[in-house]
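This report covers a single protein model.

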Amino acid sequence: MLMRSEPFTEVNRIAQQLFGAPVTGTWSRPTAMPADAYRNGDEFVIAFDLPGVDADAIDIDVERNVLTVRAERRPIDLGERAAVQLSERPLGVFSRQLFLGDALDTDRIDAAYDNGVLVLRIPIAEKAKPRKVAVAGRQQTEQKVITG
């Protein structure tokens with residue numbers, strides 16, 4: 001159903017944890033966003049953590065079964081007299097690309113954003129759902145040939 005597309009995402013995340021420095025993503029080198037993906041009945045669900053991002057700063061595209069989610073967390077206006085004492089929250093551009101399988105109906109993706117979590121729900125395509133196949137016995141097949 002889903003293939004990871006960014007081989008260095010995990011390496012970048014580990015390096016960020018080891019060195020502790022927040023990374024500021026740019027449009028040419030965005031920072032990866034954490035995601036969970038799972039199947040729930042007849043739909044595939046992907047949740048992205050985007051705390052502090054305005055809903056209008058989220059962009060979702062699907063092209064040839066490649067899902068791209070981009071978002072930008074902008075710094076808050078501190079005013080002229082503010083002196084930063086601690087700055088750990090990552091800012092800038094976040095992006096994630098996922099390859100979606102043909103079993104998903106990418107024309108009917110539903111997106112909802114609440115409390116800093118973007119949730120995409122993608123229905124399983126009708127052609128990919130399990131279905132029963134009737135088995136005809138030899139006598140039934142012969143009768144169809146004789147009477148047909």
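## Basis and fold

Contact means heavy atoms within 4.5 Å. Among contacts in the protein between residues at least 6 apart in sequence, 59% join residues at least 24 apart. This is a predicted model: local features need pLDDT of at least 70, side-chain atom pairs count only at pLDDT 80 or more, and totals for chains, interfaces and linings use all residues. Residues are numbered from 1 along each chain as its sequence is written, and side-chain values use heavy atoms, with hydrogens and water left out.

The protein has two helices and nine strands. Helices (H or I, at least four residues) and strands (E, at least two) are DSSP runs, numbered from the N terminus. From that end the order is β-α-β-β-β-β-β-β-β-β-α. Of the 148 residues, 26% count as buried. Buried means under 20% relative accessible area, exposed over 50%, and partly exposed in between (1.4 Å probe, protein chains only).

## The nonpolar core

In soluble globular proteins, nonpolar side chains tend to be buried together. A nonpolar core is a set of buried Ala, Val, Leu, Ile, Met, Phe, Trp, Tyr and Cys residues joined through side-chain atoms within 4.5 Å. The largest one here has 19 residues, of which I46, F48, L50, L67, V69 and L118 touch the most other members. Strand 4 (43-49), strand 6, strand 7 and strand 9 each supply at least two residues of this core.

Take L118. Not counting residues up to four places away in sequence, L118 touches I46, A47, F48, L50, I58, I60, V69, A111, A112 and Y113.

## Y113

Y113 sits in strand 8. Y113 counts as partly exposed because its relative accessibility is 25%. Beyond four places in sequence, Y113 touches L50, V53, D54, A55, I58 and L118. F48 is 65 residues away from Y113 in sequence, with the two C-alpha atoms 9.4 Å apart.

The Y113 side chain also approaches two backbone oxygens. A polar atom of this side chain lies 2.7 Å from the backbone oxygen of L50 and one lies 2.6 Å from that of V53.

## Loop residues

Two residues other than glycine have positive phi. R64 has a phi of about 50°, and N115 has one near 55°. R64 lies in the loop between strand 5 (58-63) and strand 6 (66-73). N115 lies in the loop between strand 8 (110-114) and strand 9 (117-123). R64 counts as exposed because its relative accessibility is 80%. N115 is exposed too, at 73%.

D105 is in the loop between strand 7 (92-100) and strand 8. Its side chain makes a polar contact with the side chain of R108 (2.8 Å). A polar contact is a pair of N or O atoms within 3.5 Å; within protein, one must be able to donate a hydrogen and the other to accept it, and residues adjacent in sequence count only if both atoms are side-chain atoms. Leaving aside neighbours within four places in sequence, D105 is in contact with I122, P123, I124 and A125.

## The second largest pocket

R74, P75, I76, L78, V84, L86, S87, E88, R89 and L91 line the second largest pocket. On a 1 Å grid over the protein atoms alone, a pocket is an open set of points where a 1.4 Å probe fits, with protein on both sides within 12 Å along at least five of seven lines; lining residues have an atom within 4 Å of a point. The volume is about 230 Å³. Grid points are joined across faces, edges and corners, and a volume is the space filled by probe spheres set on the points.

By class, the lining has six nonpolar, one polar and three charged residues. Here Ala, Val, Leu, Ile, Met, Phe, Trp, Tyr, Cys and Pro count as nonpolar, Asp, Glu, Lys and Arg as charged, and the others, Gly among them, as polar.
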